[in-house]
Amino acid sequence: MPDLMIIGTAHVIDLESPLEVFIREFEPEAIALELDRERWLALNSEKKRSRGPIFVRALARLQEYLGDTFGSSPGSEMLAAAKIARTIGADVKLIDKPIIPTLKGAWKNMPWNEFWNLIMDSLISFVGGGDLNFDQSMRTGDFSKELKEFSERYPSIKAQLIDRRDAHMSINLIKLFKTRKYNKIVAIVGEGHLEGINRRLSSLNPRVVKLSDLLQRKSNSVSFSIEI
């Protein structure tokens with residue numbers, strides 16, 4: 001029987017210690033990351049975000065917002081997970097969709113009302129305004145309120161950037177069990193993807209580790225990197 005653990009993270013500095021505790025306790029044969037090859041290479045080379053068409057830059061900005069809010073944008077926690085994989089002899093696997101086609105799909109299917117919401121929210125974020133306060137959510141690891149508000153404001157974008165990626169990563173995890181014949185896998189994903197992947201893979205009865213569980217394991221103070 002495949003044994004799966006799904007860990008939800010956020011764009012939080014220094015999650016390596018609690019991540020390592022949960023991963024070592026589980027003893028996986030592979031660690032699957034919410035990354036595609038392009039983002040993996042960029043993350044390891046510290047490559048700056050490339051400039052491109054306006055829709056790519058606008059949606060890339062939204063992707064950053066999602067990452068800051070729901071842990072969708074991989075950062076230090078993904079590198080930490082890969083480092084842990086090397087220390088325990090586990091394989092590292094990339095399970096997310098390529099980012100550029102994903103952003104193009106979000107742009108193509110975006111209705112006008114969401115387009116204008118995106119423009120206005122981007123302008124507000126660029127000048128440092130807005131009334132978004134994530135302090136409490138960041139400290140507790142509970143982004144359910146923010147995700148609900150985002151789903152209501154950007155339903156089609158959520159479908160492209162969150163829901164479809166949930167499905168894609170779920171399928172890739174199943175493939176890893178079947179084709180690679182792994183028995184134990186840990187998946188490291190953003191907290192915003194946790195519920196969707198868990199629901200799609202409920203037949204595997206995965207062990208779910210929420211961001212709040214990671215924060216509870218931390219004995220030292222937590223620092224956050226937020227760009228809004």
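Modeller: Happy to! Let's start with Asn198, which is partly exposed because its relative accessibility is 28%, a value between the 20% under which a residue is buried and the 50% over which a residue is exposed. Please keep in mind that this is a predicted model. Asn198 sits in helix H10, made of residues 191-200. If you set aside the neighbours within four places in sequence, Asn198 touches Ile6, Pro206 and Val208. Another residue to look for is Ser170: 28 residues separate Asn198 from Ser170 in sequence, while their C-alpha atoms are 8.5 Å apart in space.

The protein has 228 residues, and 49% of them count as buried. Its secondary structure consists of 11 helices and 7 strands. Among the contacts with a separation of 6 or more, 86% are between residues 24 or more positions apart.

Next, some helix packing. Two packed helices are described by the angle between their axes and the distance between the axes. Helix H8 (residues 144-153) and helix H9 (residues 155-179) pack at about 115°, and their axes are 5 Å apart. On the H8 side, the residues that meet H9 are Leu147, Phe150, Ser151, Glu152 and Arg153, and their partners in H9 are Pro155, Ile157, Lys158 and Ile162. Sorted by class, this contact of H8 with H9 has 5 nonpolar, 1 polar and 3 charged residues.

Most residues other than glycine have a negative phi, and most peptide bonds are trans. Lys181 has a positive phi, near 60°, although it is not a glycine. With 68% relative accessibility, Lys181 counts as exposed.

Now look at another pair of helices, H1 (residues 16-26) and H4 (residues 76-88). Their axes come within 10 Å and cross at roughly 40°, which makes H1 oblique to H4. The crossing of H1 past H4 is right-handed. H1 contributes Glu16, Leu19, Glu20, Ile23 and Arg24 to the contact, and H4 contributes Glu77, Ala80, Lys83, Ile84, Thr87 and Ile88. By class, there are 5 nonpolar, 1 polar and 5 charged residues in the contact of H1 with H4.

Val21 also belongs to helix H1. Its relative accessibility is 32%, so Val21 counts as partly exposed. Between the C-alpha atoms of Val21 and Ile84 there are 9.9 Å, and the two residues are 63 residues apart along the chain. Glu27 is in the loop between H1 and strand E3 (30-33). Glu27 has a phi near 55°, again a positive value in a residue other than glycine. Its relative accessible area is 58%, so Glu27 is exposed.

One last stop is helix H5 (residues 99-108), whose buried residues are Ile99, Thr102, Leu103, Gly105 and Ala106. These residues cover an arc of only 160° around the axis, so they lie on the same side of H5. An α-helix has 3.6 residues a turn, so residues three or four places apart point the same way. On the face of H5 turned away from its buried side, you will find the exposed residues Pro101 and Lys108.

Note on methods. Residues numbered from 1 in each chain as written. Predicted model: local features only at pLDDT ≥ 70, side-chain atom pairs only at ≥ 80, totals over all residues. Heavy atoms only, no water. Axes fitted to C-alpha atoms, helices over the stretch in contact; angles between N-to-C directions. Helix = DSSP H or I, 4+ residues; strand = E, 2+ residues; numbered from the N terminus. Parallel < 35°, antiparallel > 145°, perpendicular 65-115°, else oblique. Left-handed = near helix turned anticlockwise from the far one by under 90°. Contact = heavy atoms within 4.5 Å. Nonpolar A, V, L, I, M, F, W, Y, C, P; charged D, E, K, R; others polar. Buried < 20%, exposed > 50% of the residue type's maximum accessible area, 1.4 Å probe, protein only. Arc of directions from axis to C-beta.
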